[in-house]
Amino acid sequence: MTEDCLFCKILAGDVPSDVVYSDEFVIAFKDIYPKAPFHVLIIPRKHIATLNDTGDDDIELTGRLFSAAKAIAAEQGFAEDGYRMMMNCGEGGGQIIFHLHLHLMAGKTFNA
Ligand code: 5GP
Ligand code: ZN
């Protein structure tokens, strides 16, 4: 738990969220400003600010963000039609919350 991190507060239950998936390593909850009919953020339980802050010890954890995305997409019925994942890194990459997260969006057809 890192103070002043919104997603750590969500993890702690101090800020409400609509959780769709949870395991020992990651949780996923609905994005408050969805950019697709289905839009969730998958985050590690461990506070890591950005992808730049991951080390070799975090390789499995970052992989778990993707395995959770795959599981959620299947569970929600989007596996066959397809879905989009996105990760922003740093201010220039459009990151506004500095707790590592993978966006999972589905429910529409995305253009290239
Ligand atoms: P970023 O731009 O950092 O990759 O994405 C941060 C995402 O967090 C944005 O899509 C934004 O809509 C979402 N977000 C910001 N504040 C909250 C919040 O309080 N609750 C939830 N569930 N999502 C939030
Ligand atoms: Zn955090």
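**View 1. Leu61 sits in helix 2.** Welcome to the first close-up of this predicted model, where local features need pLDDT of at least 70, side-chain atom pairs count only at pLDDT 80 or more, and totals for chains, interfaces and linings use all residues. Residues are numbered from 1 along each chain as its sequence is written, chains are lettered from A and ligands numbered from 1 in the order in which they are written, and side-chain values use heavy atoms, with hydrogens and water left out. Helices (H or I, at least four residues) and strands (E, at least two) are DSSP runs, numbered from the N terminus. Leu61 has a relative accessible area of 13%, so Leu61 is buried. Here buried means under 20% relative accessible area, exposed over 50%, and partly exposed in between (1.4 Å probe, protein chains only).

**View 2. Leu51 belongs to the loop between strand 3 (38-44) and helix 2 (59-75).** Its relative accessible area is 40%, so Leu51 is partly exposed. Leu51 and Val26 are 25 residues apart along the chain, and their C-alpha atoms are separated by 15 Å.

**View 3. Ligand 1 is surrounded by 16 residues.** The closest are Asp31, Gly94, Ile96, His101 and His103; a residue is near a molecule if one of its heavy atoms lies within 4 Å of it. Sorted by class, this shell has eight nonpolar, five polar and three charged residues. In that sorting, Ala, Val, Leu, Ile, Met, Phe, Trp, Tyr, Cys and Pro count as nonpolar, Asp, Glu, Lys and Arg as charged, and the others, Gly among them, as polar. The space that ligand 1 takes is the largest pocket. Helix 1 (6-12) and strand 2 (26-30) are the elements that give two or more residues to the shell.

**View 4. Oxygen atoms of ligand 1 meet polar atoms of the protein.** In the side chain of Asn88, an N or O atom is 2.9 Å from an oxygen atom of the ligand. For Ile96, a polar backbone atom is 2.7 Å from a ligand oxygen atom. His101 brings a polar side-chain atom to 2.7 Å from an oxygen atom of ligand 1. On its own, ligand 1 has 520 Å² of accessible area, and the protein covers 88% of it (Shrake-Rupley method, 1.4 Å probe).

**View 5. His99 lies in the loop between strand 4 (84-86) and strand 5 (102-106).** His99 counts as buried because its relative accessibility is 0%. Its side chain makes a polar contact with the side chain of His47, at 3.2 Å. A polar contact is a pair of N or O atoms within 3.5 Å; within protein, one must be able to donate a hydrogen and the other to accept it, and residues adjacent in sequence count only if both atoms are side-chain atoms.

**View 6. Thr109 and Phe110 are found in the segment after strand 5.** Thr109 counts as exposed because its relative accessibility is 72%. Phe110 has a relative accessible area of 22%, so Phe110 is partly exposed. Between the C-alpha atoms of Phe110 and Asn88 there are 18 Å in space, and the two are 22 residues apart in sequence.

Key
1 Å grid on protein atoms, 1.4 Å probe; cavity = no way out; pocket = protein on both sides within 12 Å on 5 of 7 lines; lining within 4 Å. Sits in = over half its atoms within 2 Å of the grid points.
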